[in-house]
Amino acid sequence: AVVSTQSGHYGPGDKYHKYSYGFSVTYKMSCTLLADIIRELKQQGVTSPVLKFAHEETLYPLLTLLDLFKDPIPLTHDTPDYINRKAKVSHISPFAGNAAFIRYDCPGETEPRIQV
């Protein structure tokens with residue numbers, strides 16, 4: 001289901017607009033969290049993991065801030081081809097979803113690489 005303001009029905013489009021690309025201020029609030037994650041990854045040693053726990057309402061905006069799962073056409077009530085969209089809440093951030101940030105120190109490079 002997608003957002004339909006006429007019928008009052010809210011499906012995945014509701015979370016898209018609340019926590020993702022639909023309204024930029026919601027995902028831009030994750031800037032502080034992302035800065036904290038990057039700072040901790042830069043400071044960590046090889047055997048020191050950085051662990052954070054949160055609900056989908058935190059994870060979804062963070063992944064959006066990283067520009068992941070972005071479709072070329074914004075989600076609206078009449079967006080065609082909804083089935084093949086990248087922005088599917090059930091795949092991106094189910095209630096028990098996780099995101100991993102892994103630091104790699106590569107030989108010959110001055111900055112570490114971070115995999116999401």
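**Exercise 1. In what order do the elements of the chain run from the N terminus on?**

Solution. The model is predicted: local features need pLDDT of at least 70, side-chain atom pairs count only at pLDDT 80 or more, and totals for chains, interfaces and linings use all residues. Residues are numbered from 1 along each chain as its sequence is written, and side-chain values use heavy atoms, with hydrogens and water left out.

Step 1. Elements are DSSP runs numbered from the N terminus, with helices being H or I of at least four residues and strands being E of at least two.

Step 2. The chain has five helices and two strands.

Step 3. Their order from the N terminus is α-α-α-α-α-β-β.

**Exercise 2. Describe the largest pocket by its volume and its lining.**

Solution. 

Step 1. On a 1 Å grid over the protein atoms alone, a pocket is an open set of points where a 1.4 Å probe fits, with protein on both sides within 12 Å along at least five of seven lines; lining residues have an atom within 4 Å of a point. Grid points are joined across faces, edges and corners, and a volume is the space filled by probe spheres set on the points.

Step 2. The volume of the largest pocket is about 500 Å³.

Step 3. Its lining consists of 21 residues, and V50, L51, K52, A99 and F101 are those nearest the centre. Two or more lining residues come from each of α3 (31-43), α4 (56-65) and β1 (102-104).

Step 4. By class, the lining holds 14 nonpolar, five polar and two charged residues. Here Ala, Val, Leu, Ile, Met, Phe, Trp, Tyr, Cys and Pro count as nonpolar, Asp, Glu, Lys and Arg as charged, and the others, Gly among them, as polar.

**Exercise 3. Why is α4 described as largely enclosed by the rest of the structure?**

Solution. 

Step 1. Seven of the 10 residues of α4 are buried, so the helix is largely enclosed by the rest of the structure. The buried residues are E56, L59, Y60, P61, L62, L63 and T64.

Step 2. T64 has a relative accessible area of 2%. Beyond four places in sequence, T64 touches Y19, S20, Y21 and Y27. A polar atom of the T64 side chain lies 2.9 Å from the backbone oxygen of Y60.

Step 3. T58, also in helix α4, is partly exposed at 34% relative accessibility. The contacts of T58, leaving aside neighbours within four places in sequence, are S30 and L33. Its C-alpha atom is separated by 9.5 Å from that of M29, 29 residues apart along the chain.

Step 4. S30 sits in the loop between α2 (24-28) and α3 and is buried, with a relative accessible area of 7%. Apart from neighbours within four places, S30 is in contact with T58, P61, L62 and L65.

**Exercise 4. Examine D67, L68 and F69 in the loop between α4 and α5.**

Solution. 

Step 1. Most residues other than glycine have a negative phi. F69 has a positive phi of about 60 degrees and is not a glycine.

Step 2. D67 is partly exposed at 47% relative accessible area, L68 is partly exposed at 31%, and F69 is partly exposed at 35%.

Step 3. L68 is in contact with Y21, L63 and V116, leaving aside neighbours within four places in sequence. L68 and K86 are 18 residues apart in sequence, and their C-alpha atoms are 8.7 Å apart in space.

Terms used: Buried means under 20% relative accessible area, exposed over 50%, partly exposed in between (1.4 Å probe, protein chains only). A polar contact is a pair of N or O atoms within 3.5 Å; within protein, one must be able to donate a hydrogen and the other to accept it, and residues adjacent in sequence count only if both atoms are side-chain atoms. Contact means heavy atoms within 4.5 Å.
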